[in-house]
Amino acid sequence: MNNTLIDPTIPVLPIDKGYLHPITQTYNEIVEIFMAMGFELVEARMVNTEEAVFSSLNFPKDHPARDLMDTFYLETNYIPIPHTSSMQNTLLTTRKPPIAAVIAGRCFRNEKLDSTHEHTFYQLEGMYVNQKVRLSDLIGTLKTAAQLISDRYQLGLEFKVLSTYFPFVEPGIEILARKPNSDKWLELIPAGMIHRNVLISGGLDPEIWNGFAWAIGIDRLTILKYGIDDIRWFHSGDLRFNQQF
Amino acid sequence: MLISYNWIKTYLPNLTQTPAEIADFLSTSLAEVETIQHYKDDTIFEIKNIALSHRADLFGEIGFAREISAILNTDLVLSNELPIPNLNGLITTDLKLNITIQQPELCQRYSCIIIKGVKISESPDWLKDRLISVNMRPINNIVDITNYLMFKHGQPLHAFDFDQLIIENNNVGIEVRNAENSEKLELIDGTFLNLNPSDLIITNSTSQKSIPIALAGIMGGKASEISTQTKNILIESANFNMYQIRKSSRFHAIRSEASLRFEKGIDPQLTIPTLEEAIMMITGDNKSNLITDEYLKNSPPKNSIKINSTDLNYYLNINLTPQVISSTLSRLGCIVNTDSELLNIQLPSFRKDLKNQEDIYEEIARIYNYNKITPTLPDRSIQPARFNPFWRFKNTLRQILTESGANELLQYSFVNEQQAGLAVEINENQLILASKIDKNLIHIKNTLSPELSYMRTSLIPSLTNATIENAKRFNSFTIFEIGKVLYPIDDKLPNELDVLSMIYYSKNNEQLNNLKLIKGLWRMILDKIGAEDEFYKWLPFQITLENTEGVAFGYEIDLTQLLSKCVYPHFKTIPLHPETKQDISFLISTEQVLDPIIQLIRTTAGDILKEIEVIDIFQNEKMKTNHQKSVTLRMYFLDPAKSIADEEINPIREKINELLIRNYQAIIR
């Protein structure tokens, strides 16, 4: 064989390759972390009832807390879900506790688009129900998961816990994260101990069962992960965006 | 809600912490401080109203002072303001106020007083500064005092120009009632309201009539507004139903500092002390016994909670003595009786949000600081997480598609009217997009824009848009989406289908090759997931691309249907004998599609025919003129048990030729 006839520096032949949407990739990576921690995965309905979205979650009718969710309504009064918590009641009524589940779903809020606000976004809700669950279990579970996420994406995040209010939890907390050398804290995981009224709506006796729930913003995490500058890229359909990930 | 550092400091004499430190404490233990601004030497913190929607008490500066007092374990000293110089004002006793509350469930308490001889002027600087610091515009001394006290206590006050009201035999009638359809009211901000029976109004009533003077809890009427000429005033300090105020304020799209507070559910105990302080500021007098107070007590809310400090310490994983717990709760306004580990907590009337032991646990946890709690992990027996086959199936498809060069997109679930209601149908294996869903069932009432006014029932329209956009930059590509579409039937909760949709686009107009490529991709997916035969026959849509050169084909399939017809692979013995291949060429009419011919050959040949593929389709000038095309098919024959001799195949071929000639007028070449 005469090797000198072949020029090894010839240009490459491009191979056609396809790309997964970055939201899909983040979902899969985070779901994997929670599955390894023993949480089953459930998908949220895209449209649900007023009962599932609000009433069963301790949001009384005409209560100002409903302003938290700028909700869309179909002509039929069904609701494109504003949060994946809309599946909590379904899980409570279809599973026998102990329950450990994460819920993936696309959510909708009536918000004007700008670089940090989208009317369409993605959540991964989590739910744990058992006997004698403690607030420190909630903080421990979320800090463990948040640390695994930070390690996986090499973000070196630092965390802190703040007090906050949502009608469907009591107490309510929020985990914030900060990148190294940054003084800006980002809201990462709103969470809390499941409110007794939510357990009662789900047919459980709050004197026996309790638990915690949280929601991770998958788009927010994806933005943090890749340093994306504008949330509107996610639904732009532009292949120049998708082919970067 | 805006919090003035200087203002709350007046109630916290021992406060030494800086504004920045206070902002941190509030964020950690109450709700996140969103912004910090400065006004003169004051620092103003802003917390989003929505984060406080359960805490009417925090719509007053005193509420924040109380929080800081608990967080820092420092004394809260509440003090009243001194009279405003030169305002004058005398409480009158020669007129009788008659309060009538028609809907006690909508107005629990109405307290008011008449003050005569006030001198309207500018407020002193300190008062104007307080208002400006919380973003309120100073107007005149009377209005400023009512606004100031609303910001201090969280209880809205309203001052009416008393001389605009009708007095009958030394009686002043005030009625709280639902409006009637024909009634109208001009508000202070100039809005003309057509009232309706779901509005609650304040009226000036006489034996003859009852004239609307305010939209209760939201805004006063223009006619009785305080002006520079005002001399005599009526001050209202009332308690309205939170749901009523929110409903009415939303209906008329009128929000005010008062409605913002009432819709949170204010403590009815606040009307008197707030009004007393107003009287003090205006008259220098504290004759609270002259207030007219109509108080219709509802059944008393639960006002005490018992907890066990051991339970609390277990729940929070901390170790506080009953005395420390008791001290924190006392700073928050509770009265606590301790009996070793048992705490009996009497709740203050302004904390209606405290109902259960978890609420008490939260008070202790947040004041203690969540960051100081040692995290634990739930104590649970090992059990596998339930498996979700559908999620895995979707990921398998995504993987197959991306590995073969397709790109995943996510598109909005909303489409415009033209795209609305389209759904996939199959007509003799041909996929078509037909308008078949009732648009009313998928229409969004409060849409953002006409482009986003319906929920989609197929992914194809939005993928088509993406195809047109990307065609401006790329010569060829495959895009796909896996997502939910609605499939509504009458007005029940709509069915949701998870579908896979994919489009292949190429600028090059060789339709045949493009069609072969998308079909190849489709077949490859089916092969990989082990789908049953019926899907192989499906023929793709041709996608119409407006103002775009090139062609696009697509598929869409309901994934539940697809998954239900996938079989797990089973090993089949690999045959030792070689297969025999034979080609068959013929001319047929240009319009004739191949699928039925291939089916015919398969049935005629039987099991011995393992595979059949199209090798070539072409047309020369002569064929074009004769309206014919030439087709070459390759057949693979195989018998696992033995080699196949030509003698076995020949009769089959003859039979096939005969059928092709008879059924399709083919000319065998």
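Buried means under 20% relative accessible area, exposed over 50%, and partly exposed in between, using a 1.4 Å probe on protein chains only.

These views show a predicted model, in which local features need pLDDT of at least 70, side-chain atom pairs count only at pLDDT 80 or more, and totals for chains, interfaces and linings use all residues. Side-chain values use heavy atoms, with hydrogens and water left out.

**View 1. A salt bridge between A:Asp238 and B:Arg473.** Here a salt bridge is a side-chain nitrogen of Lys or Arg within 4 Å of a carboxyl oxygen of Asp or Glu. The closest N and O atoms of A:Asp238 and B:Arg473 are 3.6 Å apart. This pair crosses between chains, from the loop between α6 and α7 of chain A to the loop between α13 and β24 of chain B; helices (H or I, at least four residues) and strands (E, at least two) are DSSP runs, numbered from the N terminus. A:Asp238 is buried, with a relative accessible area of 7%, whereas B:Arg473 is partly exposed at 37%.

**View 2. A salt bridge between A:Arg106 and B:Glu481.** Their closest N and O atoms are 3.9 Å apart. A:Arg106 sits in strand β4 of chain A and B:Glu481 in strand β24 of chain B, so the pair joins two chains. Both A:Arg106 and B:Glu481 are buried.

**View 3. A salt bridge between A:Arg152 and A:Glu32.** Have a look at helices α4 and α1 of chain A: they hold A:Arg152 and A:Glu32 respectively, so this pair ties together parts 120 residues apart in sequence. The closest N and O atoms of the pair are 3.4 Å apart. A:Arg152 is partly exposed, with a relative accessible area of 42%.

How values were computed:
Residues numbered from 1 in each chain as written. Chains lettered and ligands numbered in written order.
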